[in-house]
Amino acid sequence: MSRAVLAIARLTLREALRSRIVLLFGILLAAVAGGLPALLKGDGTPAGLVRMTLGYTLGTAFGLLVLATLWTGCALISGDIATRTLELTRVKPVAAWRLWLGKWLGLLLLDLLLLAGLYAVTGLAVYHRMRQAPEATAVLRTARQQVKPDLPALAGQIEQVFAREGGPALPAREQRDLRRRLRRELPFQPAALQRGQQWDWRFSLDAPPDPRRPLWLRFQFDTDAYTRAIVQAECRLTGSPGGGHVDFVLDDFSTRRFERPLDAAAFAGDTRFTLSVRHTGEASSGPLMLQPRQGLDLLVPRIPLALNLLRAAAVQASLLALIAALGLALGALFSLPVAAFCATGLLLATMISVFVAGDPDALEELREARRAPFRNLAATVAAETTQALTGLAAPALAPTPLRQLASAEQIPPRDLCRSLVFNALLLPAGCCLLAAAALRRRELAP
Amino acid sequence: MNTPPPVIEIRGLRKTFRDFWQRPTVAAVRGIDLSVGPGEVVGLLGPNGSGKSTTIKLLLGLLHPTAGTIRVLDADPRDTATKARIGYLPEVTCLHKFLTPAETLHYYAGLFGLDGPTTRARTRELLRMVGLEAAAGRPVGEFSKGMARRVGLAQALINNPDLLVLDEPTSGLDPIACREVKDWVRQLAAAGKTIFMTSHLLADVEDICDRIAILCEGQVRAEGRVQELLQRPDAVNLTLEGLTEAQIEEIRGELARRTGRAVPCGRPRIDLETFFLKVIAAADGRAGAPAPTADFLAASPRTGDGAAP
Amino acid sequence: MNPAAAPSRSTAARRAWRRPLAALARTTLTESMQQPAVLLLTLGGVVATAFIPLLQFHEFGEPGRLARDGALAYQLTLGLVLAVAAASAAIQREIAGGTASAALSKPLSRDAFVAGKFLGVAGMLLHFWYALLAAMLIAERVAYRVAGTDGEPVGATDSRAQAFLLLAVPLALAVAGLLHNRRRARFGIAALRGLQAILTLGLLAAFGFDRLGAWRPAADNLDLRLVPVSLLILATLTLFAALATALSTRLKGGATLVVCSLVLALGLAADPLLAPSRPLPARLAAHLLPNVQSFWLCDALTGGGSLPLSYVGGACAYAAAWSLAALALGMLAFRHCDIH
């Protein structure tokens, strides 16, 4: 890498480390990482306390880090322009993109340092808590691979239902609306199990489970409260045909979402499993409702918590790389107040859009507003903007490392790679090109 | 014989600043034609607001011309390859306040792609040259204006440039520092560097420049060699030392007889700057000591990266 | 000269410090309002307030509540950022830029300098506060509710008011742009004043027309209960502006921001800190620091409630006293400060 880029990165890091504001921010992060776990009361269980420590501490600190990175990114170039220190750099043989790259690398290095410190402190706090209650927190020591049941591909299912509902005969706009509705609704379509009936779901693993560690089945039933006391299901998890199996009974539906550990010793070497669930409740009990795409998982212990923490840190680092790139690009285009305002507004709009898009009811209400007359044009604009922002931001925001950490789920390598490539390489490269073009055109007037 | 191309060539240069609505507000440069040959020291003079700094920034690619062409070292000034051979001292030295002088020079050396040993050697020499060895470990934010200017000059020389652009190099400096800067400029010129400077301090420019151009309201009003522009062809100065009063009267009388009019005679004055420096030097015990120069700059002319031409 | 006509010494002395103080406050106000951050935060606050009625998926059991609470929250949070940033920049920028030296070399005492700076920033906050209050009143009016007293009740969103509120910002920017183009008026100040004028027109129209569009001037066309609650927020902003002004006589911008954030956090936790079981330093801090909880009372409007004016008066007096104390300490600190 060119000496110029390294020199600029070193300068950026040096300036930051000698800045009192960065020092104060580091102290604030340390206070959050060290103080928040001490303040949390948890849900009364040791495992719950560890989950909350992971989720709240890392979530709060990461939120602060995102804001700080965004505003620092905005200030790095626009601040240099305002104080005229950029003049002496621009007359040197350094291309605009190298200047941007050096600043980005410097900021990224600072973020990595802070993130590493944050994860180290949080990791120590978590391991300390787990040592105090080793058995109760055993499930959290190993991150589990989340395996969904083998179901027909969603795209194919959408086309089937689309054809069944007369989609090809509709006008183009209504076809688009119908496909959109099916994409939104089908993943959440529940399956109903009447009394006496049986479900069979198959799971395929890429590697056999560790027989020394339990397998877990996670259920989320859409069962109404009045039926919970009288519904019962007899279940069997079977490995290879003629191989081992485990029987268990589900009779406590007091919480909608729960996990059931199963002894994996019977499944040595198996990579295909079948879960059979038979509704054996009372005659008056209602159906069992479950959304197979959302509400059923086989969880297979794979990697230690420490490795999962590293993956989560890598995903969050890639997000910070994107945020830094965005801030730097805006700082190259605008003055500091305008850049910070645009960056904050964009971040808030994206967060709200993702939140709204994640709530199907909210999105449906916004879309309904489109069908009303002119007076709801503003709501239509809001709906389309939400959709567009969510679509643009989806690849960047798809990984949810903190939720996976708190649920003791493995962060899949594919998600990690996608996040690194998209958030840490491709999008920043786009920001770099945009910023370089702006810097080349921008005049540094007296 | 092929004459080398001018180091700086400006033809029909214009710059008009515009507001947000793209309406012209200030015509800072209104048509400048200027050339600077290799090894020349050229001064661009003018009152405040005449367009000197704007011309400098256009030369360095910091501003985009509204019309006209600029060639620096026979290339577009915005090319990064061209910038490798230029050193620039801005009018206001805006440095990174958290860095020490040594770190500042290391940073700018890095931007030129200089390797570690070269950077360290040049940093040492330049800090010695500008007299900041003792303050090398202090952050630049604590420096006075003069000290910051010295750091600015050092960073302008870190790449051993072929062309040195100095914007008001002696602005804000005390007389001793002014003299040192002028000595450095002379030594650099003697080493074959081309120097293009702006100033509104006429005495400084008169001392060191070979050619001057006078800018006013964005246009060159006069241009030429200092000697030719300032010399009065119709008069003669004689300076004689060791004459008695009687001899002076005899000479005065002879000149009056030959010319037919009274010839003013008086004792010449040294300029205030020279007198001031003498007094200070006597007090400091530094009488006659020349300003040091970085060894690598005092050698034969080299290209920007330190390699022999 | 008629001695009877000459001003007394005390009158002359009063004029001697009033005029420079007023000049300084005016200049500070103009400069603050020209800062991009003021315009951006004000416009951002108005736009965010305007969008609340669009996203009203939950009413929390009471029509207009989301618009009310959201708008008040924007006014408080954005206002606090603005108050602290503007106050700390007003003094630190002058010291760093050298204009403080120029000002203090005139017949202007250091105390008057600090007071003038504070008054200028407070004036700017008043502009910000008014713009958001106006937007808040209109947004609350826009929020979906059942309206109509004759015959069948009608569920309605006041779409005319909604359109007006959403168009206010682009219209203000357009007017400011036109003035900047034609008369070279300062864009920031023109945009802010334009926005205030447009929103005031909107308030007058909202006062005159009811939610169903009929001409029926009535006070209940707008939820004026918001005004006293919003006044408490203005008192909070002024209090923090005074604190930031006092701190910035000695501290740089970042440090001022950190201290103000701490004071805010402790102020919001004043009641728990005052509990008898807390250690003495915590209780002492809670007594000395401003009790910010006393100024955030949007819950008082729940279920048709309102805030008594006597409470508002008392709270504003408390804020004024605290602000004066902070400014006095700031003046003391500034008296012996080196300006260079």
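In chain A, confidence is lowest in helix α9 (residues 225–228), where the mean is 53, and highest in helix α11 (residues 305–333), where the mean reaches 95. These values belong to a predicted model, and for chain A as a whole the mean pLDDT is 85, with 90% of its residues at 70 or more.

**Domains of chain A**

- The domain assignment of chain A gives two entries, of which domain 1 is made up of the segments 3–142, 305–345 and 409–441, while domain 2 covers 190–290.
- Between the C-alpha centres of domain 1 of chain A and domain 2 of chain A there is a distance of 41 Å.

**Backbone angles that stand out**

- Most residues other than glycine have a negative phi.
- Asp74(B), although it is not a glycine, has a positive phi of about 60°, and this residue sits in the loop that runs between β4 (67–72) and α2 (80–83) of chain B.
- Arg184(C) is likewise not a glycine and has a positive phi of about 50°, and its place is in the loop between α6 (159–183) and α7 (187–208) of chain C.

**Exposure of these two residues**

- Asp74(B) counts as exposed because it has 12 C-beta neighbours inside 10 Å, and a residue is called exposed if that number is 12 or fewer.
- Arg184(C) has 11 C-beta neighbours inside 10 Å, and therefore this residue counts as exposed too.

Definitions and conventions. Residues are numbered from 1 along each chain as its sequence is written. Chains are lettered from A and ligands numbered from 1 in the order in which they are written. This is a predicted model: local features need pLDDT of at least 70, side-chain atom pairs count only at pLDDT 80 or more; totals for chains, interfaces and linings use all residues. Helices (H or I, at least four residues) and strands (E, at least two) are DSSP runs, numbered from the N terminus. A residue is buried if 20 or more other C-beta atoms lie within 10 Å of its own, exposed if 12 or fewer, and partly exposed in between; C-beta atoms are placed from the backbone. Domain bounds come from an automatic or database domain assignment. pLDDT is the predictor's confidence in each residue, from 0 to 100.
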